[in-house]
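Thanks for coming. I will go through the disulfide and then the nonpolar cores.

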Amino acid sequence: MGYAVSMIRGALFGLLALCLAGCGDDTQPAAPAPLDPAIAQALNEPLMTDPDLSSSNEGAAAITVQIDGPLPILPPRDQAVEQARAEARRLLGAGKPVPVPQASGQVARLPNDREPADHLELLKNRTSCQAKLSNSAIWAARLPPALPIYPRGATQAATGGDGSGCRVLAVIFTTPVPLDEVRAFYWHKAQGAGLAPVHRSAGEWAVVQGQDSAIAFDLRLRERGGETIAQLAVVTR
């Protein structure tokens, strides 16, 4: 009996020793798996909140168009104006245009919250064209050759429609070219096309109107924020 007790005590003391040895184990934890190099680079690079750093992260170069610097910017304002002027001179052709005469009277103003379709209302007494209007910038490209968008002008809104043998269009666009030059461009384009242009005003807006048996138009111009805002309505028949 005493021998059995001694054996049990010995087993218990051995088990206790093993438990204590486990608590004091100095084995180091396994090292984490290394990060993918691309992930490591992305984590270690500075955040792209600084505009000066916006072109430095080329980790996704395989899906970008250009990786050797920032995206190209628009030409400086002076350069854009000169380019537009050069194209306008080309469209007007040879010869020095005569000055636009002074405004000869007042016409009704457009509503302040106007839409291109509102402008066409001013021409309804000059045409019987029945056309369903649709809003799309494509109408700016369908203006007659005699009255195109001023070179490099930026279309803001446009509407138009085709009727039976006729078309109506209205466009709003902007250009950095001064108002006097834009007015002169349309005056001489209309004059060259036989549209008998007249120069009027509507409050702060300059107005050029004209027509013949095939085309009638109404152009409104004003300057704001260093740009010329143009509203052009045209009826062809």
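A disulfide here is a pair of cysteine sulfur atoms within 2.5 Å. This is a predicted model, where local features need pLDDT of at least 70, side-chain atom pairs count only at pLDDT 80 or more, and totals for chains, interfaces and linings use all residues. Residues are numbered from 1 along each chain as its sequence is written, and side-chain values use heavy atoms, with hydrogens and water left out.

By that rule there is one disulfide. It joins cysteine 129 and cysteine 166, with the sulfur atoms 2.0 Å apart. The link is right-handed, with 80° about the S-S bond. Cysteine 129 sits in the loop between helix 4 (116-120) and strand 1 (134-135), and cysteine 166 in strand 3 (residues 166-175), so the pair ties together parts 37 residues apart in sequence. Helices (H or I, at least four residues) and strands (E, at least two) are DSSP runs, numbered from the N terminus. Both cysteine 129 and cysteine 166 are buried, meaning under 20% relative accessible area (1.4 Å probe, protein chains only).

Now the cores. A nonpolar core is a set of buried Ala, Val, Leu, Ile, Met, Phe, Trp, Tyr and Cys residues joined through side-chain atoms within 4.5 Å. The largest has 31 residues, and those touching the most other members include Leu147, Tyr186 and Phe217. Helix 5 (179-192) is among the elements that each supply at least two residues, and its six residues are the largest share. A second, separate core of eight residues includes Cys129 and Cys166, along with Leu123 and Ala170.

Finally, tyrosine 186. Beyond its neighbours within four places in sequence, tyrosine 186 is in contact (heavy atoms within 4.5 Å) with residues including Pro148, Phe173 and Leu232.

Note on methods
Buried < 20%, exposed > 50% of the residue type's maximum accessible area, 1.4 Å probe, protein only.
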